[in-house]
Amino acid sequence: MIRAHKIRLHPTPEQANSLARAAGVARFVWNWALAEWNRQYEAGEKPTALKLKKQFNQIRREHFPWTWDVTKNASDQPFLDLGKAFTAFFAGKARPPKYKSKKRGKPSFYLANDQLALRDHRLWVPKLGWVNMAENLRFHGKVMGARITKTAQWWFVSIQVEMPDCISVKKRTAVGIDVGLNRLVTLSTGEQVENQAFLKTALKKLRQANKRLHRRKLGSKNREKACRQVARLHYRITCLRQDVLQKFTTRLTESYGIIGVEDLHLRGLLKNRRLARSFADASLGTLRELLEAKAAHRGGVVIKVGRFFPSSKTCHSCGWTWEAMTLKDRLFVCQNPACPYEQFEQDRDHNAGQNVLREALRLIGLVDQAVSGTGSDEDANLPADAG
């Protein structure tokens, strides 16, 4: 398995300038290669990453001598990245590659494992020297490479390490989760995680910072300062959101071996012009991705329940469906006379979480061995190899 550790760098002003030049070279080479690829493709030729790299090296010393001032990976890796991007595009897995902008893009460049060295809390970058890191590398294994990026005004390095697959202890417990905007997550056990809505909370400061930015003169130093202020606010919101999601998903995957989630159509939800910002602020897609990655690492499994499954409208006990239920109905009341919970009021999200759990267990063939709405080994009564 390959894991990545993202660490903040503390470069000197001279080193930060060199890092920016290396990122600029990587951006220029990407744009040159993309333009040449499109030109050759329209002319009926069959361009490849290696052909473009060879062509660039033939004219590099004469036309682009300033690209030799930084590490060679800054000018070599963009060709390989462009080749992978076009491979994914032709396979129908991604959109066509686009040109990178100096103003709107995120500066970055790649370092191969033979072009870097680690010692304590320092990173060796070719033609630059040792750069201080905020902490030591947590993972132990073979370093596969690193990518240096700039976010707001700070530089970070993401180091990829190849590690042996760890033997995870399989857990017998199962849980279902219902996601939403009123509450971020409601578990089938009744536990609730509130939606912090970090973007909504910081929206006033963000609007003021954007107004200050657009009042500044183009190309001025004050405009650069205002731009950095906006970037810092966005980065702070991202960090706060990631902190909540990382801690919650870690705790959930360490406690449960089977996790049932709703397979929501996130792109469709983001097209709702009234709720798009709230859905983006909740970051439900990141939540699901973190759950899948961490569950696989810890020996668990994430079961996706169909997006059209009526989890909120169905009684978790008898299966009666409340067809006339609306978003304003926050309590679920079963009207089935044969239901043991008839006229019993229950939170709709808690009821939905229990239905998601039962449907997830049904999909893997364990519905008859589990009691929905529970989270303990005795109540779930799952076999030892269920996770």
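Modeller: Tyr41, Phe89 and Phe90 make a nonpolar surface patch of about 320 Å². A patch is built from residues with over 30% relative accessible area and no salt bridge, with like charges joined within 9 Å and nonpolar side chains (Val, Leu, Ile, Met, Phe, Trp, Tyr) within 5 Å. Accessible areas come from the Shrake-Rupley method with a 1.4 Å probe, and for residues only the protein chains shown count as cover. Phenylalanine 90 belongs to helix 3 (residues 73–90). Helices (H or I, at least four residues) and strands (E, at least two) are DSSP runs, numbered from the N terminus.

Two notes on the source belong here. This is a predicted model, in which local features need pLDDT of at least 70 and side-chain atom pairs count only at pLDDT 80 or more, while totals for chains, interfaces and linings use all residues. Residues are numbered from 1 along each chain as its sequence is written, and side-chain values use heavy atoms, with hydrogens and water left out.

Now to helix 6. Helix 6 has 35 residues and reaches 51 Å from its first C-alpha to its last, close to the expected 51 Å; the expected span is 1.5 Å times one less than the number of residues. Its buried residues include Ala226, Val230, Leu233, Ile237, Arg241 and Leu245. Buried means under 20% relative accessible area, exposed over 50%, and partly exposed in between (1.4 Å probe, protein chains only).

Salt bridges come next. A salt bridge is a side-chain nitrogen of Lys or Arg within 4 Å of a carboxyl oxygen of Asp or Glu, and the count comes to twelve. In one of them, arginine 241 pairs with aspartate 281, with 2.9 Å between the closest N and O atoms. Arginine 241 lies in helix 6 (residues 221–255) and aspartate 281 in helix 8 (residues 276–282), so the pair ties together parts that are 40 residues apart in sequence. Arginine 241 is buried at 15% relative accessibility, and aspartate 281 is buried too, at 7%.

Lysine 247 forms a salt bridge with aspartate 243, the closest N and O atoms being 3.4 Å apart. Both lie in helix 6, four residues apart, about one turn of the helix. Lysine 247 is exposed, with a relative accessible area of 55%, whereas aspartate 243 is partly exposed at 37%.

Aspartate 263 is partly exposed at 22% relative accessibility.

Strand 11 itself has five of its five residues buried, so it is largely enclosed by the rest of the structure. Ile258, Gly260 and Glu262 point one way from strand 11, and Ile259 and Val261 the other way. Two strands pair if DSSP finds at least two bridges between them. Strand 8 and strand 11 run parallel and are joined by three bridges, with valine 175 opposite isoleucine 259 in strand 11. Strand 11 also pairs with strand 12 (residues 301–305) in the parallel sense, over five bridges. Glutamate 262 has valine 305 in strand 12 as its bridge partner.
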